[in-house]
Every structure is written in C-alpha cells, then in structure tokens.
Amino acid sequence: MQTANVNRLTPYLFMAPALIVMAVALMYPIGYMIYASFLNWNPSQRIGEAEWVGFSNYINLLQDDAFRESLWVTLKFAAIVVTLEMIIGVGLALLLDRNIRGMSVLRTIFILPMMIAPIVVGLMWRYMYHPTVGIFNRTLKSLGLEPIPWLSDGSWAFTSVIIADIWQWTPFIFILSLAALQSLPRSALEASRIDGATPWQQVIYIKLPLMMPVLIVTLLLRLIDAFKVLEVILVMTNGGPGLSTEILSLRINRTAAEFRELGEAAAMSNYLLILLLLLTVAMYLYNKAVEARAARLRAAAGGDA
Amino acid sequence: MSDKTYDRQNPAFYALLVALVIMSAGPIVMMLMTSLKLNVDIMSDTAGLLFVPTIRNYETAMCNLLWYTPDHVQFCDKTFGRALINSLIIAITSTVLTLVIGCMAAYALVRFRFMGRDTVSLTTLLMRMVPPAVLLVPVFGIWTFQFQLDGTRVGIILVYVAMNLPFVIWILQSFIIQVPIQLEEAARMDGAGPFQVFFLVVLPIIKPGLAAASIFTFRVAWNEFLLANALADRNSRTVPVTIVNSLTEYDIDWGVIMATGMLLAVPPIIFTFIASRQIITGMTAGAVKG
C-alpha cells in the first residue's frame, strides 16, 4: 500500500520542482508584465500604487516617432541580416559538403563565434571598428584610402552592426544546412547523376527542394533570434548615433532604465512578444503541416505495397 | 570506411577554406593579441604582429585574486576579480540546478507520459521565443518588491534556471526516450526504488545528453547580461555587467578590457573544443525538430 502510493506520486514528485520554478520565475513574470503594461508605473513605486491607464501606453507608443523608428530599425535589421545569412550560410554548406580532411575541426572553429558571450563579440567588433586603432581603418590608411566612420555615422553604424551579426550567426545556418545536406538520401543524388544532371541542376532541382523543410525552420529560428539581439549592439553603438541602430530590445531597456517608464516598457515588450508569437506560431504550424504530409506519404506508400 | 578516404580538391577550394577560418577565428585571435599588448603597442602606428607579449593586463584585471602583488599595479581595482567569482558561482550553481531539476522532469514526462511530447516541445518553442528584454520589467519588479531577491546571487540564479529549463527538459527528453525500458524493469526486479532506478540506471546512460544540456545552460548563464544588469548590485555583479560598465565613451583601456573579455570567452571556447560534437547535436536537434 505504502509503495503503491509512492509509485503513483513519483511522476508528480519528479515534475514538481521544474513546474514550481517555471511557474514562479517565468509564467508569473510574463503575466505580471501584461498587467504592468496597463499601468503608469515608475521604478520607485510598488506596483499596487501605480495608476491604471488602460490602453494608453499602447496608443502612446504607436504615436511615438522614436518607437516607430525603432520598430522600423528592428524589422530592417532582422530582414537584412537573415536574408544575407541564409544566402551565405546555405551557399557555403553546398560548397563545403565534400568529403575532406579536417571537416570537424573546421566546424568547431565555425561555432566559436556563437559560443562566446555577445558582450565579447560586441567588444571585439568595437575594437576593430575603432577610428584610429581599429584594424579596418588601419588597413584603409595603409592603402592610402580615407578612413570610414564605422560607428559614428548613422548608416555606416547600421552596416557595421549587420556585418558583426553576420559574422556571429552565419555559422549557425551553415551548420544546420550542412547537417540537412548530409542526411539527404544518396539514392536521389545518385539517380540524378546517372541521368546526367550537372552539379548546378542537382543543387537547384534536388538538394534545395529536399532541404527546404530544414531551411524554413532554420530561417524562422534565426528570425526569432534576430529580434532578440541586444548585447552586441549595446556594446558597439548603444543604439546610436541618433536612433540609427536602436532595435526594440535596446529601446525597452532604455525606457525602463533611463526614462523610468516601466508601464511603457512593458507595453513595448508586449508588442515585441506579439511579433515573435506570430513567427513562432507560423513555425509550429509549418512543422505540423510537414509532419502530416510525411504521415500521409507514408500511409500512401504503405497502401501501395 | 569513408572516414579513411578523402576526395582531392582543387587549390581554390583550400584557399576558400583558409579564408573562412581566418574570417571566423581572426577577431578572436586579434582580441587575444590585444590583451597581450601594452597600451603603447596598441596605440603605435607600426604595431601588428610584432610585439612583446605581456600578461600585465591580466594581472591588472585580476589583481585581488593573485597570490602576489604585481608591481605595475598602483591601484588595485577589485571589481573584476569579484565579478569573476560571482560569475563562476552563478553559472555553475544554475547549471547544476537546471540539470537536476530538468532531468527529473524530463524523465517523468517520458516514462509516465501524463503530458504529451507536443506540450513540451510547444512550451520549449514558446520559451525560446521570449527575449530576455521582455522579462526585464517584470523580473525587476517582482524580484525587488515581492521576493526581496534583488542584488543577490540567488535571485539571478533563479531567473537563469527558469529560463533554461524548457530547453533542457526538451533535449534530455529526446535522450531518455532512447533508454531501453527493460533495463529499468530489471533494476526494479532487483528491488530498486524509483529514485534508485533514476539515479543509478538512467542518468549514467544519458551522459552525452547531459553534456550537451549543461554546455548550453552554462553558456546562457555565463554570457547573460541584461537581467544580471537589472538585478545585481555592487557585490553580485557578473563579468558581462562589469565589462559594459567599464566601457566609457572615450579613453577606454583596451588592453585591460580585452583581457577581461578574453577571460569571459575562455570557458565557452574550451567547451567548444572539448565537446563540439555534442554542441552540434544539440543545435541541430533544436532546429530540425523545432
């Protein structure tokens, strides 16, 4: 009797710590944030003392030029970065999908940029972009060219931030596409080769279509992460000059820490969350659709046999 | 068998490989070199690869942790040394806690199946989506006013454990599913209780999964800046926070700051070289199955 009870309780005992921690430190804060977004609240007040203002934080934000600018910067940054990274990453994977010595060492080196702290990545790039001691301007100078205001001019700063992000995250796409390529069915490639397909035709008609499910998931994952970038830009430009590199995450941080408008920062967080939720739902539905299709195909194949 | 034979490639291909390696490792090597230079060498026009390496910058950064007093340090700034200790404590504790709690939950989910795998993968996905910036306001408010945990290491550890749990549960689940149930039944026949079965039979088998999960957790806890910045006070600051604080607009001491950056980068780099296979497994699994 005693043991039977213990056995029935075991799963709950095993689950309990995880559920409690996540409820207290994840679910509760997110609910709290949604509540706070309807308040006019500054950090010196307790939340109970803050005034209820309904949707006015959300409406104010939509009319706020700085917020709209920052939203536009975020969208532009994510779109450019993810497009370029996908092209370079998938291209490199197609190029390097060969049987060569030392591939594992190469992959190890490629994942280094993703593993080290974003703060450090920002630091390295800020040093390299430095107007006088940085390697880029030094090289330009030794070639007799004009130095470039990498981080001190708005549009250059935006470009510089994009370059740093491409350096950091292209390997992610490369590694995933390489994994996808290496799991492709050899028979399809073999068959196409016998039918006389050129390498280009193989890439366009066989490899890319077969990789597509993984590529789309990779794209969405990367897109979600691109909206979360914060530290690298914080260290490199801190959003400046002006608002040229102030992405939403940075703006949330500034609204909370500098302007001390916690309610507005919460409303901003909610906008960002809604954006990301849409992306995530798209990804989940896509996964489900792919699974359903695979199941149908299997069933059809089973029926034939 | 294909491991032994390699295709011959043309030279342009190798040139491309070399260029890629230089591009991805170059900035890191440059940081290492800068951290070994004196400020005179950093500023001088001719400087490049020719300089006398020195560990002075590291001595300055870690002056209060050394057993001797370096004579070039006139004033010992204890900030970094303290932050390094904080970072180590916070990252290690939260990794251990996340793994223990996450393992148990993953095991319960697989073996007792009272919640579908779909629920877990959906939660993981949703949690992966939440940016730390979104947690900033609520975590600051709750930790300060309700839990009274602001400025303590415990508070920071709690957020990190919660942030990492979904991913850890999810990845361990995929490893636990592969453990043959017969093994556990045999152990139970021999009189082992559920906890014994878990700790003595299951855990040793899923070691590779534990390695992958612990590297990912450690990396997040070690590298995280935003929440630590909001929660920590002078005594509980972590390394990323001190690095950002010491970055002023002008007159940055590049040698010392690169040395601190290098110290922050070293543990993840070591893990990458030891366990790149597990990391890649974790990364691909995370994307391919969503």
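Colleague: How many residue pairs are in polar contact between chain B and chain A?

Modeller: Good place to start! Keep in mind that this is a predicted model. A polar contact pairs an N or O atom with another within 3.5 Å. Between chain B and chain A, five residue pairs meet that test, with both partners at pLDDT 80 or more.

Colleague: And how many salt bridges are there between chain B and chain A?

Modeller: For a salt bridge, look for a side-chain nitrogen of Lys or Arg within 4 Å of a carboxyl oxygen of Asp or Glu. The count between these two chains is zero. Now look at who sits on the chain B side: 73 nonpolar residues, 16 polar ones and eight charged ones touch chain A.

Colleague: Which helix of chain B gives the most residues to the side that touches chain A?

Modeller: That is helix 13 of chain B, residues 254-288, with 18 residues.

Colleague: How do I read the extent of this interface, and how many residues are in contact?

Modeller: In contacts, 97 residues of chain B meet 90 residues of chain A. In area, the two chains bury about 8700 Å² between them, and 79% of that lies on carbon and sulfur atoms. Met129(B), Val137(B) and Phe145(B) supply 8% of the area that chain B buries against chain A, more than any other three residues.

Colleague: Let me turn to chain B by itself. Which domains does the assignment give it?

Modeller: Domain 1 covers 11-57 and domain 2 covers 79-288. Taken over C-alpha atoms, the centres of these two domains of chain B are 32 Å apart.

Colleague: What area is buried between domain 1 and domain 2 of chain B?

Modeller: About 770 Å², with carbon and sulfur atoms giving 78% of it. On the domain 1 side, Met31(B), Ser35(B) and Asn57(B) lose the most area to domain 2, together 55% of what that side buries. In contacts, nine residues of domain 1 of chain B meet 10 residues of domain 2 of chain B.

Colleague: Which elements of domain 1 of chain B give two or more residues to the side that touches domain 2?

Modeller: Helix 1 (11-35) and helix 2 (39-43) of chain B do. Helix 1 of chain B gives the most, with five residues. By class, this side of domain 1 has five nonpolar, four polar and no charged residues.

Conventions: Residues are numbered from 1 along each chain as its sequence is written. Chains are lettered from A and ligands numbered from 1 in the order in which they are written. This is a predicted model: local features need pLDDT of at least 70, side-chain atom pairs count only at pLDDT 80 or more; totals for chains, interfaces and linings use all residues. Side-chain values use heavy atoms; hydrogens and water are left out. Domain bounds come from an automatic or database domain assignment. Contact means heavy atoms within 4.5 Å. Buried area is the accessible area (1.4 Å probe) that two parts lose on being put together, summed over both. Helices (H or I, at least four residues) and strands (E, at least two) are DSSP runs, numbered from the N terminus. Ala, Val, Leu, Ile, Met, Phe, Trp, Tyr, Cys and Pro count as nonpolar, Asp, Glu, Lys and Arg as charged, and the others, Gly among them, as polar. A polar contact is a pair of N or O atoms within 3.5 Å; within protein, one must be able to donate a hydrogen and the other to accept it, and residues adjacent in sequence count only if both atoms are side-chain atoms.
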